Amino acid sequence: MRLARPTASLSSRVRLELRGVSTIEDRVRLMAEQVRKSLHDPAMRKLGLGVTRECPARADLCELERVFRYVHGHIRYTGDISMWDTYQTAARTLEFAGGDCDDHAILNATLIMENGFRAAFRVTRHSGKAW
């Protein structure tokens, strides 16, 4: 199955909001904010349902696996800009076809929530600048 990515003009103005992140809680709060913004985008609902279209109804494992494989297969891992940590909406991650682990998590959470699942962020590693 091949799904098209939502497109947006790359020449559109890109505005980065710089916010201080001093704690893990700050990071998780900013990520949750990006998911909330993403859930207001009808294109995310369409994509989320499209990715899981071939799963039988209420086949939770199938739906979760399809979302994970879609994100893994379409979004290149790339680091943040220089020394700044950025937090993209799901649409922006799709537009750029890249993002760091935070951006992958935001996109995965958005797409699974669009399929009726609850999502939460879990910090699995924290040492120095690696969260």
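Student: In which loop is the place of A97?

Tutor: This is a predicted model, where local features need pLDDT of at least 70, side-chain atom pairs count only at pLDDT 80 or more, and totals for chains, interfaces and linings use all residues. Residues are numbered from 1 along each chain as its sequence is written, and side-chain values use heavy atoms, with hydrogens and water left out. Helices (H or I, at least four residues) and strands (E, at least two) are DSSP runs, numbered from the N terminus. On that numbering, A97 sits in the loop between α4 (90-96) and β2 (98-99).

Student: Is A97 buried or exposed?

Tutor: Buried means under 20% relative accessible area, exposed over 50%, and partly exposed in between (1.4 Å probe, protein chains only). A97 is not a glycine, yet its phi is positive, near 55 degrees. Its relative accessibility is 19%, so A97 counts as buried.

Student: R58 also has a positive phi. Is R58 buried or exposed?

Tutor: R58 is not a glycine either, and its phi is about 60 degrees. R58 lies in the loop between α2 (42-51) and α3. With 79% relative accessibility, R58 counts as exposed.

Student: In what order do the elements of the protein chain run?

Tutor: The protein chain has 5 helices and 2 strands. Read from the N terminus on, the order is α-α-α-β-α-β-α.

Student: How are α1 and α5 oriented to each other?

Tutor: Axes are lines fitted to C-alpha atoms, for helices over the stretch in contact, and angles run from 0 to 180 degrees between N-to-C directions. Helix α1 (residues 24-38) and helix α5 (residues 101-113) pack at about 45 degrees, with axes 9 Å apart. Angles under 35 degrees count as roughly parallel, over 145 as roughly antiparallel, 65 to 115 as roughly perpendicular and the rest as oblique. Therefore α1 and α5 are oblique to each other.

Student: How do the residues of the contact of α1 with α5 divide?

Tutor: Contact means heavy atoms within 4.5 Å. R27, M31, Q34, V35 and S38 of α1 meet D102, A105, I106, A109, T110 and M113 of α5. Ala, Val, Leu, Ile, Met, Phe, Trp, Tyr, Cys and Pro count as nonpolar, Asp, Glu, Lys and Arg as charged, and the others, Gly among them, as polar. The division is 6 nonpolar, 3 polar and 2 charged.

Student: How do the residues of the contact of α3 with α5 divide?

Tutor: The axes of helix α3 (residues 60-74) and α5 come within 10 Å and cross at roughly 145 degrees. L64, V67, F68, Y70 and V71 of α3 touch H104, L107, N108, L111 and I112 of α5. These residues divide into 8 nonpolar, 2 polar and no charged.

Student: Leaving aside neighbours within four places in sequence, which residues is H104 in contact with?

Tutor: H104 belongs to helix α5. H104 is buried, with a relative accessible area of 15%. Beyond those neighbours, H104 contacts V71, I75, R76, Y77 and G99.

Student: And N115, leaving aside neighbours within four places in sequence: which residues is N115 in contact with?

Tutor: N115 comes in the segment after α5. N115 is buried, at 16% relative accessible area. Its contacts beyond those neighbours are R45, G48, L49, T52, E63 and V67.
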